[in-house]
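Here are some notes for a colleague who is new to this structure. They begin with a pair of helices and then turn to the spaces inside the protein.

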Amino acid sequence: MTNCVEISNLAKTYNEYDALKDINLKLEKGKIIALLGADGSGKTTLLRLIAGLICPTKGKILTLNLNPVSKKNEIVKLIGYMPQKFGLYEDLTVIENLKLYSKLKKDESNYDELLEFTKLKPFKNRLAGRLSGGMKQKLGLACALIGKPELLILDEPSVGVDPISRVDLLNLVKKTIDKNTSVIWSSSYLDEAFNFDLSIILDKGKVIFEGNTKALGENLEQFENKVVDLMGGYEEKPSEIAKNYHIKDFSQTCRVLAENLSKKYGDFWAVKNNSFCIKKGEIFGLLGPNGAGKSTTFKMMCALIKPTKGKGYIMGVDIAENSEKARSYLGYMAQKFSLYSRLSTLDNLNFFAGLYGLFGKEKQKRIDKIIEVFELNEYKNTITSLLPLGFKQRLSLGCALIHQPPILFLDEPTSGVDIVQRREFWTHIKALSHMGVSVLVTTHFMDEAKFCDNISLFYNGEIVALDTPSNLIVKANAKDMNEAFFNIIKGAKQQ
């Protein structure tokens, strides 16, 4: 057998929706293969078909030379599968999860080794639900590696994970697999493709590229431009959101002000003595590894949690003294989708418009514009929990913008969004900043950092660097923001 997976004329349809169309692939054994594409492109469906979790509508699949549907019991013993959503037991500890998966695989030979490799040994008695995002992904990977599978299927193992942890995860895979083990690693991060033997790119259920990544370009910018061309191209147009956006002029020099902001949980300082000022029209980036304190800072500045010490001000309003008034100036897009999952897209827009005091013709006008600009019409009656992640992000951003606030807090707004939609998101964000909207944003896409006027780099709850992107690159002796991020955090760790 020279191929780990062979697929011919494969299609998968849900009701009338074609999730996959006419897929033909031969994946060579012993290779690490990137499966790239945005949320909703068909990546998860393809992986579930390969693993035998769902049946194809038509076509043929051979996984390790076996039919994954009729030979499911045999396939299970030969593959390791890590689902996109954290599929472990959050009420069990790290070691209990590993022991459970070892029993399910009937192989208890290597979980001690996996604890060492993943650096989870010091946390083996911690509940899985209390792990950071990066540590959860490492535990999920460790469970998938139990039994030393011939085929390792990883569905977005690096989603929402910082650049350093993403590299750690990839290195863990390379170190722990046998040279004959095949790996399929799906991702929405295009830069990860440079680390793999082969890249497959899906868009709208079809394969638009298969081959060596370097055929797409020598660097990320060339690579992304080629992928955009394969997806039909992108022409930047004026932001329809900004064109219809109206905000009052305010006199504050610092629209968002943090003074020695700190948060302590028990003996642990999640955020410590952070101070920053965001001016009118400024895009201010908070960057840092998972667990650095970015989301905690967001929550304190939104008055969702109370600081242990320090002060936060929104438009000069002390968030501790008048949280309701402070929040009225904000549009907040949370890291984890925080809208109402049992309501439809249209219901959510109506609810948030009403919450911010909109009514009548103006309310309907703004809802219609959000639906038009973010292409939500097809999904306006869809229950929110059933939306693809990329469309959830569109809706979440739309709800944050609907009352036209002078300040936007955007916590990883482009996570799970395809490269074309990412560019459209940033077209809106930049246009709004030019109109005077102040933006506080976090991202794990280092190429997006160039859009920020200033960046605060967090590590262990503290600011370790604060400057413009270009100055940070020079100070870190780096060629780009991605390398600057690594160099600055590495220096902070050494200190």
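1. In H11, the residues Leu-346, Leu-349, Asn-350, Ala-353 and Gly-354 meet Lys-363, Ile-367, Ile-370 and Ile-371 of H12, where contact means heavy atoms within 4.5 Å. Six nonpolar, two polar and one charged residues make up this contact of H11 with H12. Ala, Val, Leu, Ile, Met, Phe, Trp, Tyr, Cys and Pro count as nonpolar, Asp, Glu, Lys and Arg as charged, and the others, Gly among them, as polar.

2. This is a predicted model, in which local features need pLDDT of at least 70 and side-chain atom pairs count only at pLDDT 80 or more, while totals for chains, interfaces and linings use all residues. Residues are numbered from 1 along each chain as its sequence is written, and side-chain values use heavy atoms, with hydrogens and water left out.

3. The axes of helix H11 (residues 345-355) and helix H12 (residues 360-373) come within 10 Å and cross at roughly 135 degrees. Axes are lines fitted to C-alpha atoms, for helices over the stretch in contact, and angles run from 0 to 180 degrees between N-to-C directions. H11 and H12 are therefore oblique to each other (angles under 35 degrees count as roughly parallel, over 145 as roughly antiparallel, 65 to 115 as roughly perpendicular and the rest as oblique). Helices (H or I, at least four residues) and strands (E, at least two) are DSSP runs, numbered from the N terminus.

4. How many cavities of 30 Å³ or more does the structure hold? There are two. On a 1 Å grid over the protein atoms alone, a cavity is a set of points where a 1.4 Å probe fits but cannot get out, and a pocket is an open set with protein on both sides within 12 Å along at least five of seven lines; lining residues have an atom within 4 Å of a point.

5. The largest cavity is lined by 14 residues, and Gly-37, Ala-38, Leu-190, Asp-418 and Ile-419 lie nearest its centre. Strand E8 (198-203) and H14 each give two or more residues to this lining, with the largest share, three residues, coming from E8. The lining of the largest cavity divides into nine nonpolar, two polar and three charged residues.

6. Residues lining the second largest cavity include Tyr-189, Glu-412, His-444 and Phe-445. By class, this lining has three nonpolar, five polar and two charged residues.

7. The second largest pocket has 42 lining residues, with Asp-191, Leu-220, Met-446, Asp-447 and Asn-482 nearest its centre. By class, these lining residues are 18 nonpolar, seven polar and 17 charged.

Key. Points joined across faces, edges and corners; volume = space filled by probe spheres on them.
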